Amino acid sequence: MISTRIQQIYYKPEHTWRLDDLWEHYNNTGSVTPYFENEVIRELYLASDHVNSDYYGVFSYKFNNKHHKSGEYIKLKMQQDDHKHDVYSFFGNAQFAGRSKFNTFQDRTHPNLLELGEKIIKKLFGKDILKIQADRIYYNHWIGSKEVFGGYCKDMLLPAMELMEGELKELVWTDSKYN
């Protein structure tokens with residue numbers, strides 16, 4: 001039987017009513033950093049939390065209310081698909097290539113996010129993000145095979161966080177209007 005584990009992060013006790021009963025609840029009370037759920041993802045990866053499941057993901061407490069998708073829905077969709085993909089995302093019909101409507105929305109709601117992403121991709125991989133011919137996911141609520149999740153953390157998240165803590169720190173600390 002294929003196993004899927006989702007860690008759902010919350011950082012205040014009053015958030016617990018939003019948590020999905022099918023997922024594991026990660027209490028991040030008192031530990032919120034400027035990297036939000038990325039810090040938790042880093043911690044979980046370094047603790048090898050993902051290695052004992054076939055699929056793994058980390059969502060915020062807002063996921064169910066924000067996207068109107070329950071743990072049951074996700075489980076059913078993955079089963080109907082016979083778990084044939086390495087990555088599952090449940091964001092709807094957003095476009096992820098180039099400067100799509102989604103990118104424009106992100107630029108309005110989180111200024112400098114796309115610019116930061118472009119600089120990180122260029123530094124880490126020597127590529128222009130707008131010329132990469134692949135679907136991209138610009139958010140953390142995705143589920144990947146343990147190999148994809150581990151590779152993402154090792155090759156992308158940890159090095160990106162190092163850049164954000166170092167040479168890109170000034171851009172990171174620009175007000176993103178996230179809260």
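The structure is a predicted model, in which local features need pLDDT of at least 70 and side-chain atom pairs count only at pLDDT 80 or more, while totals for chains, interfaces and linings use all residues. Residues are numbered from 1 along each chain as its sequence is written, and side-chain values use heavy atoms, with hydrogens and water left out.

The chain contains seven helices and five strands. Helices (H or I, at least four residues) and strands (E, at least two) are DSSP runs, numbered from the N terminus. Along the sequence, these elements follow the pattern β-β-α-β-α-α-β-α-α-β-α-α. Of the 179 residues in the chain, 40% are buried; buried means under 20% relative accessible area, exposed over 50%, and partly exposed in between (1.4 Å probe, protein chains only). A contact is defined by heavy atoms within 4.5 Å. Among contacts between residues at least 6 apart in sequence, 70% join residues at least 24 apart.

Confidence is expressed as pLDDT, the predictor's confidence in each residue, from 0 to 100. The chain has a mean pLDDT of 82, and 79% of its residues reach 70 or more. Confidence is highest in β2, at 96, and lowest in helix α4 (residues 101–109), at a mean of 53. Over residues 93–102, pLDDT stays under 50, and the model has 22 contacts beyond four places in sequence for these residues. Where pLDDT is low, the predicted coordinates should not be read in detail.

Six salt bridges are present in the structure. A salt bridge is a side-chain nitrogen of Lys or Arg within 4 Å of a carboxyl oxygen of Asp or Glu. One of them joins R5 and E24, with the closest N and O atoms 2.5 Å apart. This pair links distant parts of the chain, since R5 belongs to strand β1 and E24 to strand β2 (residues 24–27), 19 residues apart. R5 counts as buried at 18% relative accessibility, whereas E24 counts as partly exposed at 32%. A further salt bridge connects E167 with K123, the closest N and O atoms being 2.6 Å apart. E167 lies in the loop between α6 and α7 (169–172) and K123 in helix α5 (residues 113–125), so this pair ties together parts that are 44 residues apart in sequence. E167 is exposed, with a relative accessible area of 54%, while K123 counts as partly exposed at 49% relative accessibility. The side chains of D155 and K154 also meet in a salt bridge (3.2 Å, N to O). In this pair, D155 is partly exposed, with a relative accessible area of 41%, and K154 is exposed, with 52%. Salt bridges that share partners join R5, E24 and D49 into one network.

R5 also takes part in the lining of a pocket. On a 1 Å grid over the protein atoms alone, a pocket is an open set of points where a 1.4 Å probe fits, with protein on both sides within 12 Å along at least five of seven lines; lining residues have an atom within 4 Å of a point. Grid points are joined across faces, edges and corners, and a volume is the space filled by probe spheres set on the points. The second largest pocket holds about 280 Å³ of space. Its lining has 15 residues, of which S3, T4, R5, G71 and K75 are the closest to the pocket centre. β1 (4–10) and α3 (71–80) are the elements that give two or more residues to this lining, and α3 gives the most, with five residues. By class, seven lining residues are nonpolar, five polar and three charged. In this scheme, Ala, Val, Leu, Ile, Met, Phe, Trp, Tyr, Cys and Pro count as nonpolar, Asp, Glu, Lys and Arg as charged, and the others, Gly among them, as polar.

L157 is placed in helix α6 (residues 146–165) and is buried, with a relative accessible area of 4%. Leaving aside residues up to four places away in sequence, L157 touches N38, I41, R42 and Y152. The C-alpha atoms of L157 and R42 are separated by 7.4 Å, although these residues are 115 residues apart along the chain.

Most residues other than glycine have a negative phi. H68 lies in the loop between α2 (63–67) and α3 and is exposed, with a relative accessible area of 69%. H83 is found in the loop between α3 and β4 (87–89) and is buried, with a relative accessible area of 17%.
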